[in-house]
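Me: Please show me the model first. I would then like to go through it by question and answer.

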Amino acid sequence: MDTASKSYIEVTDEVQAKLAKVFNCTPKFVYMSLTYRKDTELARKIRYVAVSQYGGEPIRHCPECET
């Protein structure tokens with residue numbers, strides 16, 4: 001079973017702490033939101049703000065294959 005996130009939003013630890021303070025939630029919830037493990041309305045807002053205002057970079061891992 002694959003437990004690693006295939007997509008996430010990359011931000012610094014300081015930005016994660018700021019997001020937790022701004023949205024009045026725990027740092028763990030911010031982490032879960034940025035790794036797409038939570039998909040609530042608040043999680044979507046956290047992802048949007050991380051990318052649009054704090055310079056977060058969306059990352060998507062794609063498997064490599066030989067053709």
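Me: Which residue has its backbone oxygen 3.0 Å from a polar atom of the side chain of Arg47?

Reply: A polar atom of the Arg47 side chain lies 3.0 Å from the backbone oxygen of Lys38, where a polar contact is a pair of N or O atoms within 3.5 Å, one able to donate a hydrogen and the other to accept it within protein, and residues adjacent in sequence count only if both atoms are side-chain atoms. This is a predicted model, in which local features need pLDDT of at least 70 and side-chain atom pairs pLDDT 80 or more, while totals for chains, interfaces and linings use all residues. Residues are numbered from 1 along each chain as its sequence is written, and side-chain values use heavy atoms, with hydrogens and water left out. The residue asked for is Lys38.

Me: Is Arg47 buried or exposed?

Reply: Arg47 lies in helix H3, residues 41–52, with helices (H or I, at least four residues) and strands (E, at least two) taken as DSSP runs numbered from the N terminus. Beyond its neighbours within four places in sequence, its contacts (heavy atoms within 4.5 Å) include Ile9, Leu34 and Tyr36. Because its relative accessibility is 8%, and buried means under 20%, exposed over 50% and partly exposed in between (1.4 Å probe, protein chains only), Arg47 counts as buried.

Me: How is H2 oriented to H3?

Reply: H2 and H3 pack with their axes 9 Å apart, at an angle of about 75°; axes are lines fitted to C-alpha atoms, for helices over the stretch in contact, and angles run from 0 to 180 degrees between N-to-C directions. Angles under 35 degrees count as roughly parallel, over 145 as roughly antiparallel, 65 to 115 as roughly perpendicular and the rest as oblique. H2 is therefore, relative to H3, roughly perpendicular.

Me: What arc do the buried residues of H2 cover around the axis?

Reply: The buried residues of H2 are Phe29, Val30, Ser33 and Leu34. The arc is that of the directions from the helix axis to the C-beta atoms. These residues lie on the same side of H2, because the arc they cover is only 130°.
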